[in-house]
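Here is a short briefing to read alongside the structure. Have the sequence and the 3D view open, and take the topics one at a time.

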Amino acid sequence: MLRAFATLCLVFLTMTASPAQTGRGPRESTIGLPAVLEDVRLAGSELEARKMDDLAPATVRIIEAWPDGENQWRYKLEWRAFTPGEHDLLQLLRRKDGSSTSELAPLVVTGTAVLTESGVVKPTAPQATQLGSTGGYRLMLWVLGGAWLVGLVLIVRALRSQRVQAQAARSISLAERLRPLVERAARGELDQRATAQLEAALVALWRKRLQLETQDPTTCILQLKAHAEAGPLLRGLEQWLHAPQGRTQVDVNALLAPYAHLSAEEFGALLEAESKR
Amino acid sequence: MHNAPTSARDTQAFVNGVRERVGTVVVGQDIVVERLLIALFTGGHVLLQGVPGLAKTLLVSALSRTIDLDFARVQFTIDLLPADILGQEVLDQRTNEFRVRKGPIFTNLLLADEINRAAPKVQGALLEAMQERKVTIGSETFKLPAPFLVIATQNPVEQAGTFELPEAQLDRFMLVHRLNYPRREDEREILLRNSRLGVQRSDKGAIVQTEFDVLKQAPVGSSEDLVAAMEAVNRVHVSETFVEHIVDLIDRSRHHPEVELGCSPRAGISLVKSSRARALLHGRDYCVPEDLYALAEDVMLHRMRLKYEAIASGRTGKQVLHEMLKALGAPQGA
């Protein structure tokens with residue numbers, strides 16, 4: 001039992017005391033890129049790096065070296081390969097005392113090439129991607145602002161043209177609704193509703209002619225009735241339409257004569273001329 | 001009066017007398033006097049809106065003394081109770097029985113000063129009595145005297161501590177007249193008249209006279225004159241064309257795009273009634289559109305409610321009403 005234990009300890013000690021290739025670190029690296037090996041134990045006297053020329057396939061630099069027991073050194077090495085393939089770092093080292101290193105096992109590292117063997121670099125085929133937006137958010141804001149402005153201008157123009165059309169329609173509609181009412185009144189064919197419309201239309205006509213549209217309706221009707229031209233007509237109209245029947249004889253044809261000969265267009269022109277006056 | 005019956009001429013003389021007498025005390029409020037007479041002749045009620053100091057109370061007091069009518073004034077306050085206006089049953093300790101003590105509402109002319117200061121139940125009690133012209137106290141129902149006219153006032157400026165009258169109750173008022181400040185020349189006359197008021201000796205001291213002290217002359221008319229005037233109003237002719245104008249105007253108020261609440265049929269009835277009274281006051285025995293234009297604001301404006309959007313855009317009911325009046329006869333929506 002004791003013998004077996006002693007044998008195991010011996011085996012362990014033998015393994016931990018292995019002279020070379022015990023270093024930690026990458027044994028493989030891309031060409032040109034440095035790699036570091038630590039705790040490399042090499043038997044014999046201390047080593048140093050050989051002087052190499054520019055065409056050396058690899059280089060090694062001793063970063064640190066410590067004595068490691070009797071007749072053995074522990075190194076921290078930085079190596080760099082310049083050609084692809086395996087390289088023995090021991091070929092790049094020598095004893096400081098000039099003795100041989102032939103008893104040491106090779107310390108092999110590998111340099112790998114990223115490029116192809118021919119050395120011709122083929123560019124990556126470009127992928128078809130969508131073009132990014134031209135300009136930034138500022139440009140986008142300008143474009144949106146411009147579009148909004150254009151839209152606003154279009155809307156304002158449309159509303160203005162609608163208003164102009166409505167005004168034109170209104171002036172014509174006043175004339176157009178007045179003329180047939182006058183004609184029907186002269187023939188005695190008006191019903192009560194149409195009679196009320198006729199009266200309101202005549203008041204509206206005079207209000208427009210005398211430019212009293214901004215006045216409040218009460219003041220306006222009082223001024224119209226006091227007016228030299230409109231007054232008699234409107235008072236006669238009131239007599240005809242509102243006084244008890246048979247009270248006064250109103251000559252409707254004479255009353256409406258000033259309006260009977262005017263066409264709808266002439267009414268419109270009259271109103272326009274009066275409003276420009 | 002133009003071709004009017006003799007009784008109408010008497011009525012015209014009575015009206016002119018009232019106007020002149022009121023005019024000796026109140027300056028520059030002829031339109032308000034006209035509106036009060038319209039209400040008196042048609043059995044309607046009036047709400048006067050105006051800032052304090054526009055002689056509202058003096059005006060009503062002067063009118064009541066001019067026509068020899070009973071007059072009572074109630075100052076509406078937050079703690080007023082319906083019984084304070086209508087009356088209540090009180091226990092007679094001698095007979096040990098309840099007897100009715102009538103309130104100030106049993107009068108011909110009731111001035112409800114600052115009606116919006118009272119709680120809604122008081123407003124409701126008054127407005128119900130206005131509508132039904134009778135009051136129930138305990139188990140007994142009493143008719144209000146005839147004529148019965150409520151002239152209420154409210155201050156549109158002060159809103160703190162007031163209860164705004166809802167549309168349904170405002171509708172009970174035939175007319176809501178908005179008083180304006182007097183014109184410059186009227187203001188001058190008011191100051192001159194006031195400066196002529198002297199000092200009145202009383203007991204061992206003296207008090208400064210007010211316009212109320214001037215109202216000591218005999219009335220120019222009696223309640224019989226008033227009844228005659230009311231009958232004359234009922235004889236005023238209303239043409240179908242005039243009714244058509246009113247129907248058109250009321251209809252416009254209900255379909256106007258900026259109006260949320262249009263006028264009720266009661267507004268149309270009030271327009272016809274008040275137009276007849278105004279025609280009489282202006283010496284006519286038939287209504288003309290001028291009456292409609294003059295009264296539309298007082299009759300319709302408190303019965304209309306604008307939409308929120310219209311109010312937010314700065315529109316007023318007056319503007320909308322004026323537009324409707326100007327558009328009379330035109331196709332709607334044109």
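Where chain B touches chain A, 22 residues come from chain B and 22 residues from chain A. Keep in mind that this is a predicted model.

**Where the two chains meet**

- On the side of chain B that touches chain A, the elements giving two or more residues are α9 (240-255), α11 (289-300) and α13 (317-326) of chain B.
- Of these, α9(B) gives the largest share, with 6 residues.
- Sorted by class, the residues on this side of chain B are 10 nonpolar, 7 polar and 5 charged.

**Helices α4 and α5 of chain A**

- Helix α4 (residues 217-226) and helix α5 (residues 230-242) of chain A have axes that come within 5 Å and cross at roughly 105°.
- An angle from 65 to 115 degrees counts as roughly perpendicular, so α4(A) is roughly perpendicular to α5(A).
- From α4(A), the residues in the contact are Leu224(A), Lys225(A) and Ala226(A), and they meet Ala230(A), Gly231(A), Leu234(A) and Arg235(A) of α5(A).
- This contact of α4(A) with α5(A) has 4 nonpolar, 1 polar and 2 charged residues.

**Helices α3 and α5 of chain A**

- Helix α3 (residues 192-209) of chain A also packs with α5(A), at an angle of about 170° and with the axes 11 Å apart.
- Angles over 145 degrees count as roughly antiparallel, and α3(A) and α5(A) are therefore roughly antiparallel to each other.
- On the α3(A) side, the contact is made by Thr195(A), Glu199(A), Leu202(A), Val203(A) and Trp206(A).
- On the α5(A) side, the contact is made by Ala230(A), Leu234(A), Leu237(A) and Leu241(A).
- By class, the contact of α3(A) with α5(A) has 7 nonpolar, 1 polar and 1 charged residues.

**A sheet in chain A**

- Three strands of chain A form an open sheet in the order β2-β5-β4, with antiparallel pairing.
- The edge strands are β2 (35-43) and β4 (58-67) of chain A, and each has a single partner strand, so one side of each is left without a neighbour in the sheet.
- From one strand to the next, the twist averages 30°.
- Strand β5 (residues 72-81) of chain A pairs with β2(A) in the antiparallel sense over 7 bridges.
- To see one bridge for yourself, look for Ala43(A), whose bridge partner in β5(A) is Gln72(A).

How values were computed. Residues numbered from 1 in each chain as written. Chains lettered and ligands numbered in written order. Predicted model: local features only at pLDDT ≥ 70, side-chain atom pairs only at ≥ 80, totals over all residues. Axes fitted to C-alpha atoms, helices over the stretch in contact; angles between N-to-C directions. Helix = DSSP H or I, 4+ residues; strand = E, 2+ residues; numbered from the N terminus. Parallel < 35°, antiparallel > 145°, perpendicular 65-115°, else oblique. Contact = placed C-beta atoms within 7 Å. Nonpolar A, V, L, I, M, F, W, Y, C, P; charged D, E, K, R; others polar. Pairing = 2+ DSSP bridges.
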